[in-house]
Amino acid sequence: MSSDVTVRFVTRQDYEQWLPLWDGYNAFYKRSGPTALAGEITAMTWARFFDAYEPVHALVAESGGELLGLTHYLFHRSTTAIEPTCYLQDLFTSEAARGKGVGRALINGVYEQATRAGSSRVYWQTHETNHTAQLLYDKVAEKSGFIVYRKLF
């Protein structure tokens, strides 16, 4: 990774650069065009990053004033631990930043925030077809062996 990449908390001034990354992340998971998230969801997601009462947080990777990637994470309670558990919900880098250590830097940024919050665990999900990301994930974490089930309403 280039040493000029900084991982930091998102600021309100980042919106214009954050939005294309957010849109790219959603497009990767087939949430674009007719299946795009409603504008209210994006607006609420953005607002949550700046609400002290929300457990949702955002980090961005920046170089030379340009945002290269984002990660969103949240803390929640667990029935198997006293300390909070950290869920890394979203991770995305621009096409130009891929393979340059930006994703790893963002994950490490989440690890750092989880440690500061007293969390002993960070976990996340990815789609089984996201093989490129899994090459990184296999280096920075271990597969839990759990399978995710869901029901949409």
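Biologist: Which residues is Ile107 in contact with, leaving aside its neighbours within four places in sequence?

Modeller: This is a predicted model. In it, Ile107 is in contact with Leu88, Leu91, Trp124, Leu136, Tyr137 and Val140, leaving aside neighbours within four places in sequence. Contact here means heavy atoms within 4.5 Å.

Biologist: What makes Ile107 and Tyr137 stand out in the largest nonpolar core?

Modeller: Of the 20 residues in that core, Ile107 and Tyr137 touch the most other members. E2, E3, E4, H3 and H4 each supply at least two of its residues. H3 gives the most, with 5 residues. Another core, of 15 residues, lies apart from it; Trp22, Phe49, Leu74 and Phe92 are among its members.

Biologist: Which residues of H3 are called buried?

Modeller: Buried means under 20% relative accessible area. In H3 that holds for Val102, Gly103, Ala105, Leu106, Ile107, Gly109, Val110, Gln113 and Ala114. Their cover includes E1, E2, E3, E4, E5 and helix H4 (131-140).

Biologist: How do you know that the length of H3 agrees with its 15 residues?

Modeller: At 1.5 Å a residue, the 15 residues should span 21 Å. The end C-alpha atoms of H3 are 21 Å apart, so the two values agree. After H3 comes Gly118, with a positive phi near 85°.

Biologist: Where does H3 lie?

Modeller: Helix H3 (residues 102-116) lies across E1, E2, strand E3 (66-76), strand E4 (85-93) and E5. H3 runs at about 160° to E4.

Biologist: Why are E1 and E5 called edge strands?

Modeller: The sheet is open, with 5 strands in the order E1-E2-E3-E4-E5 and mixed pairing. Strand E1 (6-9) and strand E5 (122-123) each pair on one side only, and they are the edge strands.

Biologist: What makes E1 and E2 a pair, and in which sense do they run?

Modeller: A pair needs at least two bridges. E1 and strand E2 (residues 56-63) are joined by 4 and run antiparallel.

Biologist: How many bridges does E3 make with E2, and how many with E4?

Modeller: E2 and E3 pair over 8 bridges, in the antiparallel sense. E3 and E4 are also antiparallel, with 8 bridges. Ser63 stands opposite Glu66 in E3, and Thr71 has Leu91 in E4 as its bridge partner. The hairpin of E2 and E3 has 2 residues between the strands, and its Gly64 takes a positive phi near 60°.

Biologist: Why is E3 called largely enclosed?

Modeller: 9 of its 11 residues are buried, so E3 is largely enclosed by the rest of the structure.

Key
Residues are numbered from 1 along each chain as its sequence is written. This is a predicted model: local features need pLDDT of at least 70, side-chain atom pairs count only at pLDDT 80 or more; totals for chains, interfaces and linings use all residues. Side-chain values use heavy atoms; hydrogens and water are left out. Axes are lines fitted to C-alpha atoms, for helices over the stretch in contact, and angles run from 0 to 180 degrees between N-to-C directions. Buried means under 20% relative accessible area, exposed over 50%, partly exposed in between (1.4 Å probe, protein chains only). The expected span of a helix is 1.5 Å times one less than its number of residues. A nonpolar core is a set of buried Ala, Val, Leu, Ile, Met, Phe, Trp, Tyr and Cys residues joined through side-chain atoms within 4.5 Å.
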